[in-house]
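Here are my notes for your review. Please read them with the model open.

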Amino acid sequence: MTSRLNPYLSFDGNARDAMEYYQSVFGGSLRINTFGEYGASDVPGADKVMHSMLESESGFTLMASDMPPGMTRNVGDNITISVSGEDGAELRAYWDKLADGGTVNMPLEKQMWGDEFGMCTDKFGTAWMVNITQAQG
């Protein structure tokens, strides 16, 4: 997989409905994973969307999630730009540059789903997510 850049939307409990709607608009393949599927099955909101990805036949990619428990969604800052792929060196270089002079909200490190992932806000106030997909064995 080559690296990709796409919007990532945040919702307040209705990510599944929104993504199914966007699939009806753009077509394509929709994958949805809940917080419960990633080990948070005993917390409120375990059935909410931790990550979803719509990939259309036209080459569009749209990702989304529900806000995790304890986090607030603010209309206007509910969109992030996601950079993802398998080339760790390339993606870490992007991360270093985006985080430089900005704020690291979650360090780029291995996560419970197996990938390296981090979130930051660059020096211009743009929110970014970087995900380095780990090769499946």
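1. In which helix is the place of Tyr22? Tyr22 sits in helix H1, residues 15-26. Keep in mind that this is a predicted model.

2. Is Tyr22 buried or partly exposed? Its relative accessible area is 22%. Buried requires under 20%. Tyr22 therefore counts as partly exposed.

3. Tyr22 has contacts beyond its sequence neighbours. Leaving out residues up to four places away in sequence, Tyr22 touches Leu9, Phe11, Gly27, Leu54 and Leu62. Lys123 is 101 residues from Tyr22 along the chain, and their C-alpha atoms are 31 Å apart.

4. Next, Asp66. Asp66 belongs to strand S4, residues 61-66. Asp66 is buried but has no salt bridge. Lys48 is the nearest side chain of opposite charge, at 5.5 Å. A salt bridge needs the nitrogen and the carboxyl oxygen within 4 Å.

5. What does the side chain of Asp66 reach? It reaches the backbone nitrogen of Ala15, at 3.0 Å. Residues that Asp66 touches, not counting those up to four places away in sequence, include Phe11, Asp12, Gly13, Asn14, Phe35 and Val49. Ala15 and Lys48 are also among them.

6. Now the largest pocket. It holds about 1300 Å³ of space. Its lining has 47 residues. Closest to its centre are Tyr8, Met50, Phe117, Met119 and Met129.

7. Which elements give two or more residues to that lining? They are strands S1 (4-11), S2 (29-34), S3 (49-55), S4, S5 (79-85), S6 (103-110), S7 (116-121) and S8 (127-132). S8 gives the largest share, five residues.

Terms used:
Residues numbered from 1 in each chain as written. Predicted model: local features only at pLDDT ≥ 70, side-chain atom pairs only at ≥ 80, totals over all residues. Heavy atoms only, no water. Helix = DSSP H or I, 4+ residues; strand = E, 2+ residues; numbered from the N terminus. Buried < 20%, exposed > 50% of the residue type's maximum accessible area, 1.4 Å probe, protein only. Lys, Arg positive; Asp, Glu negative; His and termini not counted. Polar contact = N/O pair within 3.5 Å; in protein donor to acceptor, adjacent residues only side chain to side chain. Contact = heavy atoms within 4.5 Å. 1 Å grid on protein atoms, 1.4 Å probe; cavity = no way out; pocket = protein on both sides within 12 Å on 5 of 7 lines; lining within 4 Å. Points joined across faces, edges and corners; volume = space filled by probe spheres on them.
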